[in-house]
Amino acid sequence: TFLQLSTHRTMARLEVDQGLRSQIVRILVQYGNTESVTLVDGKRLFLDEQKSDKFDDIVIAINKKSNRRFIDVIHAQQIMSFIEHCLVLAEANKIEQLSNELTQSLSLKTFLFGNALSAADVTAFACIYGYFVALNDEHRYSRFLHISRWFDMVQHQLECGHILQNIAIAQTVPTAPSKQAKSDATTTDAKSSKPKGKGKAKGNKQKSSSIKLSDHVNNIEFIAHRIQVFESIYKRQCEERANLPDTPISIQLPDGSVKNGHKLKTSPLDIAQGISSMLAKQVIVARVNGQLWDLTRPLEGDCDLV
């Protein structure tokens with residue numbers, strides 16, 4: 001019965017105070033586009049429909065009434081346990097401990113649970129907000145790299161600037177300009193300040209072809225970290241496949257011919273190259289047993305290949 005959807009939505013009156021739990025509830029009501037809940041300023045957190053002041057009950061009730069759900073059934077127990085853990089640490093003023101746990105958890109994840117923003121993300125965001133805002137960019141990136149990326153994404157998805165004001169998060173680690181860079185900048189300014197002559201018009205023309213766009217992906221630290229992790233996992237998987245026994249499989253082509261291969265080693269691209277180099281260059285994607293299949297993905301058993 002946990003998080004069971006209600007068949008109808010009645011208007012509920014929700015009293016909120018200035019505490020952390022009320023702050024989280026305010027954000028959830030807004031994010032969930034919960035039109036059937038009326039917020040009223042008061043001296044306590046209380047939902048009259050449930051006759052309850054328990055935070056967990058109120059969050060679950062709001063989720064039922066929301067047009068955008070923030071607690072999914074699969075992760076419901078984990079989310080609610082995590083929320084309680086966050087609140088315990090926040091109320092014990094152990095925000096730094098919570099931040100360390102978050103940066104570890106977010107090192108390989110976009111969200112704390114599942115593939116979408118949840119009440120767990122909202123709670124963690126509200127709990128560390130004051131602590132994180134007080135840090136400078138250098139400190140954020142040197143200690144809380146993954147939180148910086150996650151924090152910026154959460155604040156823009158929530159759009160709750162009137163509750164917790166958005167802050168600017170630098171996309172790269174701020175560094176002081178080097179002496180050489182300062183010297184180059186001074187020289188450039190000096191050259192640009194010289195009066196331009198009326199003659200030599202051709203020499204003064206800017207060469208637009210010399211202007212190049214630069215890609216800043218390599219300057220974003222968490223992307224480099226994820227690429228490194230991906231490459232290490234991919235390398236390990238390749239080594240594991242190379243050590244597998246050569247289990248023979250049969251691969252049937254559209255013309256009725258059958259090619260031989262090895263399970264988890266032979267790929268559609270290998271078959272195409274065996275037929276002709278021209279086919280291997282022209283083919284884009286394969287279809288294995290009716291399903292689209294990457295050309296370099298190894299075949300997993302006997303199959304029909306198109």
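## Helix 3 against helix 5

Helix 3 (residues 76-91) packs on helix 5 (residues 119-134) at an angle of about 5°, and their axes lie 9 Å apart. Angles under 35 degrees count as roughly parallel. Helix 3 and helix 5 are therefore roughly parallel to each other. This is a predicted model.

Helix 3 brings I79, F82, I83, C86, L87 and A90 to the contact. Helix 5 brings A119, A120, T123, A124 and C127. Sorted by class, the contact of helix 3 with helix 5 has 10 nonpolar residues and 1 polar residue. No charged residues take part in the contact of helix 3 with helix 5.

## Helix 4 across helix 7

Helix 4 (residues 95-105) and helix 7 (residues 145-158) cross at roughly 85°. Their axes come within 8 Å. The range from 65 to 115 degrees counts as roughly perpendicular. That makes helix 4 roughly perpendicular to helix 7.

From helix 4, the contact takes S99, L102 and T103. From helix 7, the contact takes L145, H146 and I147. By class, the residues of the contact of helix 4 with helix 7 are 3 nonpolar and 3 polar, with no charged residue.

Strand 1 (residues 12-16) and strand 3 run antiparallel, joined by 2 bridges. Within strand 3, F46 stands opposite E15.

Another open sheet has 3 strands, in the order 5-4-8. The pairing in this sheet is mixed. At its edges stand strand 5 (258-262) and strand 8 (303-304). Both strand 5 and strand 8 have a single partner strand, so one side of each is left without a neighbour in the sheet.

How many bridges pair strand 4 with strand 5? Strand 4 (residues 248-252) pairs with strand 5 over 5 bridges, in the antiparallel sense. I249 has G261 in strand 5 as its bridge partner.

## The largest pocket

The largest pocket has a volume of about 220 Å³. Its lining is made of 13 residues. Nearest its centre lie A272, I275, L279, L305 and V306.

Which helix gives the most to the lining of the largest pocket? Helix 11 (residues 268-275) does, with 4 residues. By class, the lining of the largest pocket has 13 nonpolar residues, no polar residues and no charged ones.

## The second largest pocket

The second largest pocket has a volume of about 160 Å³. What lines the second largest pocket? Its lining residues are Y234, Q237, C238, R241, D294, T296, R297 and P298.

Sorted by class, the lining of the second largest pocket has 3 nonpolar, 2 polar and 3 charged residues. The lining of the largest pocket, by contrast, has no charged residues.

Conventions. Residues are numbered from 1 along each chain as its sequence is written. This is a predicted model: local features need pLDDT of at least 70, side-chain atom pairs count only at pLDDT 80 or more; totals for chains, interfaces and linings use all residues. Side-chain values use heavy atoms; hydrogens and water are left out. Two strands pair if DSSP finds at least two bridges between them. Axes are lines fitted to C-alpha atoms, for helices over the stretch in contact, and angles run from 0 to 180 degrees between N-to-C directions. Angles under 35 degrees count as roughly parallel, over 145 as roughly antiparallel, 65 to 115 as roughly perpendicular and the rest as oblique. Contact means heavy atoms within 4.5 Å. Ala, Val, Leu, Ile, Met, Phe, Trp, Tyr, Cys and Pro count as nonpolar, Asp, Glu, Lys and Arg as charged, and the others, Gly among them, as polar. On a 1 Å grid over the protein atoms alone, a cavity is a set of points where a 1.4 Å probe fits but cannot get out, and a pocket is an open set with protein on both sides within 12 Å along at least five of seven lines; lining residues have an atom within 4 Å of a point. Grid points are joined across faces, edges and corners, and a volume is the space filled by probe spheres set on the points.
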